Amino acid sequence: MTDAGAGGEERGRRLATDVPGPASRRLAARRAAAVTRAVGTTLGVFAARAEAGILEDVDGNRFIDFASGISVTNVGNAAPAVVAAVRHQAGLFTHTCFQVTPYEGYVAVCERLNALTPGDHEKRSLLVNSGAEAVENAVKVARYATGRQAVVAFDHGFHGRTLLTMSLTGKAVPYKEGFGPFAPEVYRAPYSYPFRNTGRLEEVIAHVETTVGAESIACVVVEPICGEGGFIVPEPGWLAGLSRWCAEHGVLVVADEVQTAMGRTGTWFACEHEHVVPDLVTTAKSLGGGLPIGAVTGRAEVMDAVHPGGLGGTFGGNPLACAAALAVCDTIERQGLLERARHIGDMALRRLEKLVAATGPVGEARGRGAMVAVELVGSDGHTPDAAAARAAAAACHRHGVLVLTAGTYGNVIRLLPPLVISDELLGEGLEVLEAALQGV
Ligand code: PLZ
């Protein structure tokens, strides 16, 4: 265990108290009396500060961060360039509402996204506050531009918690149960899941053609890699085949890159691995490096189909969030973080693949770039084992490594380390995870 500490060096993992410690437990009691229990928590330690790959709690425990706040702090927590940009902008103005008086930062973020997203066609962007809002607006735009109503989403997909995006989301508990009725004209299709041998492209297309009808569909909303659904990497060619079918039938492709974008998978956008050029791309999470911002970026003629005044919101593209987003893009470029993501992925997968066994509990290790997961199964090598995932995650937490679970069946442990994490911290965290997996 390293404990570097002072002088701007990377701090190491440290367990100073029980997890959670006394200060966290006191805050948890206040929380229980003040915050609705409906908001869940992965690890009940209260944060005090965080940096590149370390999150420190109010008891002085330091966790190796394999969560990045669910793929938000790709450039690191409180990344110096982000902090400086936000401080500077806060001293100039904090808000005008872009619809009242515009400002350059909003335009600059849109220019950046138009240039970075796949495809060299003419593009336009819209800025919003969250991933859900981005997806919701992408569907509004797709419906308007096509004059069609149906939207196809996929098994294992997660797109948010608003009425429309919850309707698009594939998992009932905890996201949907009790919250109906859901938005109409949402249809679901199988997603390619190689480990479980489901969602072959021909089946998906036949299902959509017979149950919805191509001519009614405004768009498909698809994650290039399922995030909450369990880091499911579709079969090679699946996304490209789906996009081809869409193009042939006037169906727009909305790539939901909220979790996968901004270098996470080793490219700016996960669609690039499949050479897919979506009509619309949604981003959020890491775009703001910790400040809330989301975006829809798409073909100019599609985005501009909507009448002036048809899209917007009070806070969309807030100037502090725009300043942060520009600093995030600069940092990814300057620090070569796409390459870092690939390196992190190689290192993690190489080690986790060694744990895969026909009789479980690790049925598969998979991922792309710094988006890596293990799927845990029973001794038949197939049946999802959520209890094992919970136990392994809890063991990691007890030993100072913050990991997240995922998956429709709750049986996946996913790693989303910040792309700036050192090899040393990454290796140490993996060691803890390996021991936790061997212990279940
Ligand atoms: N699309 C692909 O991953 C958010 C969910 C956390 P918001 N994923 C984290 C939770 O339990 O609510 C997500 C995503 C994809 C859309 C969203 C929604 O993004 O910024 O949380 O609204």
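K176 sits over the face of F182, 5.1 Å from the ring centre; a charge counts as lying over a ring if NZ of Lys or CZ of Arg is within 6 Å of the ring centre and within 35 degrees of the ring normal. Keep in mind that this is a predicted model, in which local features need pLDDT of at least 70, side-chain atom pairs count only at pLDDT 80 or more, and totals for chains, interfaces and linings use all residues. Residues are numbered from 1 along each chain as its sequence is written, and side-chain values use heavy atoms, with hydrogens and water left out.

Across the whole structure, a search finds eight aromatic pairs. Rings of Phe, Tyr and Trp (its six-membered ring) pair if their centres lie within 6.5 Å; planes under 30 degrees apart are stacked, over 60 edge-to-face, and the rest tilted. F93 and Y103 have ring centres 5.6 Å apart and planes at 65 degrees, so they form an edge-to-face pair. Both residues belong to the loop between α3 (80-92) and α4 (104-116), ten residues apart. Helices (H or I, at least four residues) and strands (E, at least two) are DSSP runs, numbered from the N terminus.

F93 is partly exposed at 30% relative accessible area, while Y103 is buried at 9% (buried is under 20%, exposed over 50%, partly exposed in between, with a 1.4 Å probe and protein chains only). Ring pairs also join F93 and Y103 with F98 and Y106 in a cluster.

Next, look at F154 and W238, whose ring centres are 5.6 Å apart with planes at 70 degrees, so this pair is edge-to-face. F154 lies in strand β5 (residues 150-154) and W238 in helix α8 (residues 238-248), so the pair ties together parts 84 residues apart in sequence. Both F154 and W238 are buried.
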